Amino acid sequence: CGSLTKAGVRMLRLLFCRLLPVLVLLLAVLVGYIAQSPIPMGTLFWLLHQPMLLTFTATPPVPADMRPLPRPEGEVFRPLIGSGDEMPAAGLGTCCRATAYHDDSVYNTVLWYLLQGGRHIDTAQLYLNHRPIGRAIKEAMQRGVSRDEIFVTTKIEAGSFGTNNAKAWVPQMLEELQLDHVDLVLLHFPRKWMGFFGGVDEFQSCCGCASPRECREQTWEVLSAARENGLIKNLGVSNHLIYQIEELRALEKAPVSVNQLQYHPWVPSWQEDIAQHCRENGIQLMAYFSLGGAQNAGSVGVMETIAAIGKKHGASSHQVMLRWAVQSGMTVIPGTGNPAHIRQNINAYSFTLDGEDMAAISRLGEDKEFAKKFMFFGGPESQTL
């Protein structure tokens, strides 16, 4: 750096001699902070959403005198193999938006949802919001919502796989949610870091497993034992491939009751193959990104075909997409922190699409150029091992 003496390279000197080392140091500190946190992937998710909190609109508090509204007419339930439990087909997602990473908004969102008649809450260890959700459930129960009516889904993050980790996670999860049991636990991803990094030995340092398969199977055995003890009522998976589902079924422990996956008209053929395999084996399907995901929900909402169907039924485009998914056999978990939108999502039960409507929406999936806009988790390239 000392050899740079010409005035024309002062900016380069500043960049490479001053700013770049500082940026490298800050990046190293950030990576170290993430790596040393109890749930590194959850911390990364949290950090990525922090910029949104600078401009977001917080979910308003629920009035102190508000009491539970009736559950929606025409509510649909999905029977779960192995327990006979019925899972509400329309839930509330608590991930991947600014209000999902703001504890007061999480609390208010879940309380609004439960008091407006919703009963299925989807969360995860990765989302770092068990505690405000637990407080909201407790408050809803104090206002008259029965615990027996509330269906709570959560997910164990891949970094907590393995016998010892999973055994420690179950009581910690219940303590955070302030519950004596949860209704459904899913294995969130079959691999660490969503399969974007690592390899066959990726679980050795965190979980003591020789392979991803060994870690998944150890975790399933621990959760099956927790199910036998009444701490978990049902088990399932998320973002798993067919062969990974079959490996768990071959253990002959708890049945695989649910598979949560991205689902809408534009899913690729490999995703549809997974969905069909689950249908053929009695495994219920739970769809995330059923409105197209954060990056495409706006585009989906203004499509002429969907808008026209919505006008026909006096419904919004988003309600139409949710209803299409429900009538396609999916359980949906749209996420919002807006009380009015929460009510709209619950009211997706209030109308029925006819065969022509369903076919017209399904045909939208033939637009392969639009389908390229979507990012899919759990694909064969990233999740195999």
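## Exercises on burial and disulfides

Buried residues (under 20% relative accessible area, with exposed over 50% and partly exposed in between, for a 1.4 Å probe and protein chains only) make up 54% of the 385 residues in the protein chain. This is a predicted model in which local features need pLDDT of at least 70 and side-chain atom pairs count only at pLDDT 80 or more, while totals for chains, interfaces and linings use all residues. Residues are numbered from 1 along each chain as its sequence is written, and side-chain values use heavy atoms, leaving out hydrogens and water.

**Exercise 1.** Find how many disulfides the structure holds.

*Solution.* Start with the rule: a disulfide is a pair of cysteine sulfur atoms within 2.5 Å. Next, go through the pairs. Cys 95 and Cys 96 have sulfur atoms 2.1 Å apart. For Cys 206 and Cys 207, the S to S distance is 2.4 Å. Cys 209 and Cys 215 have their sulfur atoms 2.1 Å apart. The structure therefore holds 3 disulfides.

**Exercise 2.** Work out the handedness of the link between Cys 206 and Cys 207.

*Solution.* Look at the torsion about the S-S bond, which is about -85°, so this disulfide is left-handed. Now try the others: the link of Cys 95 and Cys 96, with 50°, is right-handed, and the link of Cys 209 and Cys 215, with 70°, is right-handed.

**Exercise 3.** Decide whether Cys 95 and Cys 96 are buried or partly exposed.

*Solution.* Take Cys 95 to begin with: its relative accessibility is 15%, so Cys 95 counts as buried. Then turn to Cys 96, which has a relative accessible area of 32% and is partly exposed.
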